[in-house]
Amino acid sequence: MTTMLYEHHFRAMNTGVGVWIWSTNPERLLMIRAGMRGAEDFFTSVEAELSRFRSTSALSRLNRAAGRGPQVVSPMLWTVLRAALDAARESGGIYDPTVLHSLERAGYDRSFEAIEATGDTETDSPPVRIFGSWRRIRPDDTAHSVDLPGDLAVDLGGIAKGWTVDHVAFALAPLGPVLVDAGGDLRVVGTADGERWPIGVQDPFTPERDRAFVRLGRGALATSSIGGRRWQRGDRMVHHMIDPRTGTSADSNLHSVTVHASHAMTADVAAKVVLVLGSEAGTAYLMQRGLSALLTATDGHEMVVGDFPHQEVVPHASFHCA
Amino acid sequence: MTIVVDADLTAAVHTTIDERGSETMRRSSPMKTAPPTGSAKAARAQRPAGGSAASGQWWKAWVLLTSLGATVLGWMAFSTGEPPVENAVVAPDTTPMPTQVAPARHVNGLEQPRPLPPSAGMLPPMPQKPVFQAPVTRTRRS
C-alpha cells in the first residue's frame with residue numbers, strides 16, 4: 001500500500017501556513033485537494049474578518065465604533081472575542097486583548113513587514129496601563145453585541161491564528177492524520193502509521209537552526225518570543241509582547257516560550273502569558289494547568305516544564321528539568 | 001535536515017503566493033474601490049459591525065469544510081467500510097518503496113503527494129522504517 005503525505009502551503013495572516021495530510025488511500029486525492037483549498041479559503045476569510053491591519057475587517061469596524069455603544073458583531077468576531085475574554089479571565093489579566101493601543105504606542109501600528117520596510121515612527125506618547133481593561137468590554141450574549149469603551153481597542157492576532165489552526169485541523173481530520181502550521185502555531189490530529197509528527201524546535205537565538213525536535217502525536221505547539229518582532233525605539237529596543245501591567249514591552253527573564261497544549265489557541269495564549277510572567281511565575285502557571293513547555297531565558301538558560309514532548313536535542317543545547 | 005525542510009517550505013510558499021495572489025486580488029477587488037460617498041457612509045453607520053461580505057465568506061468556507069468532513073465520514077462508513085486511517089489495518093506491502101521523501105510537484109498551486117515508505121506487517125505499533133525522515137515543519141517565534 002502506498003502512503004502519501006499531501007501538503008499545501010500558502011500565506012495568510014502575515015505568515016506562512018502549511019497543511020499536511022497523511023493518507024493511505026490515493027482515492028481521497030480529490031477530497032484532500034478540496035479540503036486544502038477550503039483550509040486556505042478559511043484562513044483568508046478569518047484574516048479578512050479579524051485582522052486589525054484590514055480597515056474593512058469586522059474587528060477594525062468594532063474598534064472604530066468604540067465608545068458608540070453596543071455593536072452587533074459577526075459570529076466569527078463574537079466567537080473569538082469571547083474566547084479572548086475567557087482567556088483574559090483565566091490568566092488573571094496577563095493575557096489581555098485590549099493591548100492594541102499599547103502596541104501602537106510602542107510602534108507596532110502596521111504589519112511587522114511594513115515596520116521592517118519603513119522603520120519606526122517615534123512618538124513621545126506615554127505608555128498606557130491597561131491591566132484589567134478587558135473587564136470593561138461588555139458583551140451581550142443575547143444580542144451578540146459588544147460595547148467597547150472609547151479608550152480601548154482590541155487585537156486578536158495570536159488567538160485568532162490559534163483558533164483558525166484548531167478549526168482547520170478539526171475539519172480536515174476525517175481525511176486522515178493532519179498537521180496544520182500557521183507561523184509556528186501548529187496543531188496535530190492523528191499519527192502517520194503510528195508515528196508521531198516530527199517538528200523542529202527553532203533555536204531562539206539562531207533562528208536558522210533547530211535546537212531540538214519534538215514528536216507530536218496529538219495537541220498543539222505555539223511559541224512566543226521577544227526575539228522576532230522587535231524594533232528600535234529611540235535608544236531602546238522594544239518588542240510586541242506587551243505586559244498589561246505596565247503597558248510596555250514585557251521585561252521578564254524569558255526570551256522564548258514554546259508551549260504544548262491540547263489546542264493551538266490554548267498554547268498561543270499560554271506562551272504569551274508565561275513570557276510576560278517570567279520563568280518562576282510562568283512555571284507555576286503552566287503546572288497549575290497541566291501544560292508543558294520549553295522555556296529559554298534571556299541569558300540562554302533553558303528549562304523544561306512538565307512533560308514537554310521533545311525527543312532529541314541537538315548537541316549545542318542543554319536542558320534542565322524544572 | 002531541518003534546513004532542507006525550511007527551504008522547501010519557503011519555496012512552496014513563494015510558489016503558492018504567485019499562483020494564488022491573482023485569485024485573491026480578484027476576489028477582494030470590490031473591497032478596494034473608492035471610499036464611500038456621504039450616503040454610503042450613512043448607510044454603513046447603521047450597519048452592524050459584523051454585517052460584511054467577509055462574514056459570508058467565512059460561513060461559506062466553514063460550510064465547505066464541515067460538509068467535506070461529513071462527506072468523508074459517510075463515505076468511509078458506507079462505501080468501502082474502510083475505518084479511519086488511524087485505525088486502519090495496513091496490508092503488507094512486498095514492493096520495495098523509497099525511503100527518501102521525493103520532492104513535491106506543484107499542480108494548480110497544490111503540491112502532488114510525496115511517496116513515503118510503506119508500513120511493514122500487520123497493525124504495526126511502530127513502523128520498521130520511520131515514516132518521516134526529517135522534521136515536517138518547525139516552531140517559529142512569534
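Let's start where two parts of chain A meet: 13 residues of domain 1 of chain A are in contact with 17 residues of domain 3 of chain A, contact being C-beta atoms, placed from the backbone, that lie within 7 Å. On the domain 1 side, the elements giving two or more residues are helix H6 (157-172) and strand E7 (185-189) of chain A. H6(A) gives the most, with 7 residues. Sorted by class, that side has 6 nonpolar, 3 polar and 4 charged residues. Here Ala, Val, Leu, Ile, Met, Phe, Trp, Tyr, Cys and Pro count as nonpolar, Asp, Glu, Lys and Arg as charged, and the others, Gly among them, as polar.

A word on what you're looking at: this is a predicted model, where local features need pLDDT of at least 70, side-chain atom pairs count only at pLDDT 80 or more, and totals for chains, interfaces and linings use all residues. Residues are numbered from 1 along each chain as its sequence is written, while chains are lettered from A and ligands numbered from 1 in the order in which they are written.

Back to the layout of chain A. Its domain assignment gives domain 1 (1-50 + 156-190), domain 2 (65-155) and domain 3 (196-322), with bounds that come from an automatic or database assignment. Taken over C-alpha atoms, the centres of domain 1 and domain 3 of chain A are 23 Å apart.

Next, helix H7 (residues 264-277) of chain A. Helices (H or I, at least four residues) and strands (E, at least two) are DSSP runs, numbered from the N terminus. All told, 14 of the 14 residues of H7(A) are buried, so the helix is largely enclosed by the rest of the structure; buried means that 20 or more other C-beta atoms lie within 10 Å of a residue's own, with C-beta atoms placed from the backbone. At 1.5 Å a residue, H7(A) should span 20 Å, and its end C-alpha atoms are 20 Å apart, which agrees; the expected span is 1.5 Å times one less than the number of residues. Just after H7(A), A:Gly278 takes a positive phi of about 95 degrees.

Chain A also has an open, antiparallel sheet of 3 strands in the order E3-E5-E4, where pairing takes at least two DSSP bridges between two strands. Its edge strands are E3 (71-72) and E4 (138-140) of chain A. E4(A) is joined to E5 (residues 145-147) of chain A by 3 bridges, and A:Arg138 has A:Asp147 as its bridge partner in E5(A).

Finally, chain B runs α-α-α-β-β-β-β from the N terminus on. Of its 142 residues, 25% count as buried.

Conventions. A residue is buried if 20 or more other C-beta atoms lie within 10 Å of its own, exposed if 12 or fewer, and partly exposed in between; C-beta atoms are placed from the backbone.
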